[in-house]
2 protein chains.
Amino acid sequence: MSFPAELSAAAQAVEARLAAAIQALPDSRVRAAMAHGIHGGKGLRGYLVLESAALHDVPREAALNAAAAIEAMHAYSLVHDDLPAMDDDDLRRGRPTAHIAFDEATAILAGDALQALAFELCAQPEQPQAAALTLKLAQAAGAAGMVLGQALDIAAETAATPLSLQQITALQNGKTGALFNWACTAGPLMADADPAPLAAYAKALGLAFQITDDILDTEGNAETAGKRLQKDAEAGKATFVSLLGLEAARARAQDLITEACDALAPYGKKAESLRSAARFVISRDK
Amino acid sequence: MSFPAELSAAAQAVEARLAAAIQALPDSRVRAAMAHGIHGGKGLRGYLVLESAALHDVPREAALNAAAAIEAMHAYSLVHDDLPAMDDDDLRRGRPTAHIAFDEATAILAGDALQALAFELCAQPEQPQAAALTLKLAQAAGAAGMVLGQALDIAAETAATPLSLQQITALQNGKTGALFNWACTAGPLMADADPAPLAAYAKALGLAFQITDDILDTEGNAETAGKRLQKDAEAGKATFVSLLGLEAARARAQDLITEACDALAPYGKKAESLRSAARFVISRDK
């Protein structure tokens, strides 16, 4: 199977698990907005969970729960980031954002409930290392992780001087890196094994992912991407591309992918899918 | 010690624990808004955790963590409920709401991070029954609990006909009841004991609390309450007072307090503080 086909199959399985968890909630407008919010993502974070779990022989059911949890967390962050008071976006994954398709209050609540659902999925009684998994997810999601990254991103919009490369790297470590780290280390965490190789992989992968996002924001096609582009340039925000230039940004992303693949050495050939994932991250068109 | 003095001492201890957890996060505007959001509450939910834990000989440190968790969750719900797209309130606990004191994006993120922090506190490695505690908190907070109650509340504002008593009771079961239930049963849950008596206590207490909120909204003093009042009447929303009348609402709250105290019978005299809490809930002026 080609990597995109493999990713798509995994994304469908994870989205189905998450959709079932949402469907089990009482019928409400918020539930409908949650279902809207989780639909149609690339599913990369969930895929990373499944692969990291497979490397450590974690049972499929537990892996699917953890994968659904990280996709719920990611979806909540997008629903809230798209709000008028935040990035004010109308389009996401090729469809109206939650506050456009529903309304702002419902979008806020749907994001809130998706975050709660992420923890509910992690803390299931049969989940291996449920408490450790939950703790790490809470740290990755909160004001030392994803929320901090988003806050730094908003602060950057009104900063007197554009951010430095170091500051942008710190911002992205929170905004993207924290959830990538969780996704890639969920497997060893559930198996009570050493997470160091996959943590190193995640760090390089997350940064390469973000550099590629900046490149796509500059060069990409909004229709393919399914979201508004050129936002950062319009806002005069520093990005990896504006700081490094397009070619150097591409080269840096390529180096990071080599670094990510090298980090997988302890797993040998078993980690071939994760190497494909790394190459996909910088070659994708959305 | 009088009950208000006892509650106040407990609230201070819990707020200090929660403030320390927030202070341990990286310095940011979001962190400042989180600290703003948790300050100055009555601390009733945290108090209920401490008392329910004491009844089951749960170590004080674990009880404080769980109490801080529920206060973080409650604070997040208030920060988001006060947002312009939700209840649009300027005043809370006698001070400007988070989106007034900071800005809307920061308030959204601070609420998001407070929710994550609540789970982080529950899932600490030394917390007894950490996974079960987390799972139940996620269920209480999400779209089958608190978020559902809030969504029903918003829907009620634009409903063609005012809600029935049964519908308002269902709404309040989510909006207030779910967190009260968690707070009161955290003790037996951490001790792996039967939660039924405290669940019955919580159910009656939560409803009495909400009826009293409706009475205070009608009759109370905004300065004492530290928040805007008469909102429901202005919005033409049905409340326990509008449906039952003031005297019958008072009588119903009183009956519920009797019911709550009766539910504590298995604990005998050890539960005297929780009986005082129940009496306080309907006699408070804010």
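Predicted model: local features only at pLDDT ≥ 70, side-chain atom pairs only at ≥ 80, totals over all residues.
The same surface serves both of them, as 100% of the contact residues of chain A recur in chain B (contact means heavy atoms within 4.5 Å).

Residues are numbered from 1 along each chain as its sequence is written, and chains are lettered from A in the order in which they are written. Local features need pLDDT of at least 70, side-chain atom pairs count only at pLDDT 80 or more, and totals for chains, interfaces and linings use all residues, while side-chain values use heavy atoms, with hydrogens and water left out.

**The interface.** Chain A contributes 38 residues to the contact and chain B contributes 38 residues. About 3,000 Å² is buried between the chains, and carbon and sulfur atoms give 79% of this area (accessible area, 1.4 Å probe, lost on putting the two parts together and summed over both). On the chain A side, A:Leu109, A:Leu135 and A:Ala143 lose the most area to chain B, together 16% of what that side buries.

Helices are DSSP runs (H or I, at least four residues) numbered from the N terminus. Axes are lines fitted to C-alpha atoms over the stretch in contact, with angles from 0 to 180 degrees between N-to-C directions.

| Helix pair | Angle | Axis distance |
|---|---|---|
| H4(A) (residues 60-81) and H6(A) (residues 104-122) | about 160 degrees | 8 Å apart |
| H1(A) (residues 3-23) and H3(A) (residues 44-55) | roughly 95 degrees | within 9 Å |

H4(A) and H6(A) are therefore roughly antiparallel (over 145 degrees). Among the residues that meet are A:Ala72 and A:Tyr76 in H4(A) and A:Gly111 and A:Leu114 in H6(A). This contact of H4(A) with H6(A) divides into 14 nonpolar, four polar and one charged residue (Ala, Val, Leu, Ile, Met, Phe, Trp, Tyr, Cys and Pro count as nonpolar, Asp, Glu, Lys and Arg as charged, the others as polar).

H1(A) and H3(A) are therefore roughly perpendicular (65 to 115 degrees). Their contact is made by A:Phe3, A:Glu6, A:Leu7, A:Ala10 and A:Val14 of H1(A) with A:Leu44, A:Tyr47, A:Leu50 and A:Glu51 of H3(A). These residues divide into seven nonpolar, no polar and two charged.

Methods:
Helix = DSSP H or I, 4+ residues; strand = E, 2+ residues; numbered from the N terminus. Parallel < 35°, antiparallel > 145°, perpendicular 65-115°, else oblique.
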